[in-house]
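Take a look at the chain below.

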Amino acid sequence: MSEVNLPKRKEKCENCTKQCNKKQSEDGADSHLEKEEVNGQFPEESPLLLSSCLSCDGCLSEEESLKISQQNLEELERVLALNKKCDVSKRRVLVASVCPQSLPFFAVKFGVDITEAAHKLCGFLKSLGVHFVLDSTLAAGFSILESQKEFVQRFRRRNQDSTALPMFTSSCPGWIRYSERVLGSLVTPHICTARSPQQIMGCLVKDFFSKQQKLSPEKVFHVLVAPCFDKKLEAVREEFYNSLLESRDVDCVLTSGEIYHLMEQRKVSVEELDSVPLDHV
């Protein structure tokens with residue numbers, strides 16, 4: 001990750017955890033006084049949940065904040081607009097990977113089963129100008145296999161290596177952020193080194209799939225539809241920039257809610273959406 005003043009950031013996280021459920025800022029005291037002035041009394045303090053800590057941007061460097069802010073619907077629409085304007089040779093191929101965990105959300109919103117929801121979502125994305133829509137279940141399978149392999153290796157050396165067991169998952173970016181910034185060396189040696197399904201899917205798209213389609217990685221714009229905002233944080237990590245391919249594994253992460261919001265913006269009804277089967281790697 002980019003350089004961060006870790007002791008200061010960590011202290012900030014711990015203070016946030018111990019004292020309040022809002023972001024720590026220089027004007028925190030002033031905002032508290034404003035509440036007292038408006039309501040006539042101080043609001044009751046509520047316990048801080050882990051989710052509140054993870055949603056606080058106190059741990060983010062300015063560079064990270066900028067990169068995350070660029071992962072939004074505007075970025076997707078910018079690439080789509082450029083494709084319409086520029087010469088065919090300069091257009092980027094848009095590939096969307098859909099996390100299976102996102103599909104129940106769309107199934108409920110559309111009032112259909114999960115398979116039909118996947119096909120409707122695929123139809124919507126392709127109507128926007130996305131060229132390929134892939135299912136990331138394959139990547140999840142690879143991630144599980146790699147995790148199993150590492151667990152066996154750790155189990156075999158458990159008597160020689162005190163950090164071999166227990167082994168913690170590496171698939172949740174919120175948990176990884178919390179471990180690195182707050183728990184530190186107590187936990188980090190125990191974290192599995194296998195990539196998450198999201199980042200394995202990124203490798204498959206930018207390396208294997210792009211070669212399959214005879215495309216250079218920088219010509220591919222990879223969008224991932226995920227149920228969790230923290231997946232944006234994972235996509236911008238430095239280790240997920242491939243210096244050999246000169247490309248980031250996942251260019252833009254959009255949450256299920258953001259995609260549905262785009263549908264609402266464009267006033268697209270479920271009935272008018274075509275059911276299109278997903279593409280295969």
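## The chain as a whole

Of the chain's 281 residues, 39% count as buried. Keep in mind that this model is predicted. The secondary structure comes to 12 helices and 6 strands.

Residues 24 or more positions apart account for 76% of them. The chain also exposes about 16,000 Å² of surface. Carbon and sulfur atoms supply 54% of that area.

## The largest nonpolar core

In soluble globular proteins, nonpolar side chains tend to be buried together. Here, the largest nonpolar core has 31 residues. Phe124, Leu125 and Ile259 have the most contacts inside this core. Several elements give two or more residues to the core. The helices are α5 (73-85), α6 (103-110), α7 (114-128) and α12 (256-265). The strands are β1 (93-98), β3 (220-226) and β6 (252-255). The largest share, 7 residues, comes from α7.

Which residues does leucine 125 touch, not counting those up to four places away in sequence? They are Ala96, Val98, Val130, Val133 and Ile259.

## Another core

## Serine 136

Serine 136 sits in the loop between β2 (132-135) and α8 (137-156). Is serine 136 buried or exposed? Its relative accessible area is 4%. The cut-off for buried is under 20%, so serine 136 is buried.

What does serine 136 touch, leaving out residues up to four places away in sequence? Its contacts are Val98, Cys99, Pro100 and Met201. Val98 is also touched by leucine 125.

## The cysteines

How many disulfides does the structure hold? The count is 0. Take cysteine 172 as a case. The closest cysteine sulfur to its own is in cysteine 228, 6.2 Å away. A disulfide needs the two sulfur atoms within 2.5 Å, so this pair is too far apart for a bond.

How exposed are the cysteines at positions 172 and 203? Cysteine 172 has a relative accessible area of 36%. For cysteine 203 the value is 29%.

Note on methods:
Residues numbered from 1 in each chain as written. Predicted model: local features only at pLDDT ≥ 70, side-chain atom pairs only at ≥ 80, totals over all residues. Heavy atoms only, no water. Buried < 20%, exposed > 50% of the residue type's maximum accessible area, 1.4 Å probe, protein only. Helix = DSSP H or I, 4+ residues; strand = E, 2+ residues; numbered from the N terminus. Contact = heavy atoms within 4.5 Å. Core = buried A, V, L, I, M, F, W, Y, C linked by side-chain atoms within 4.5 Å. Areas by Shrake-Rupley, 256 points an atom, 1.4 Å probe, with all protein chains shown as cover.
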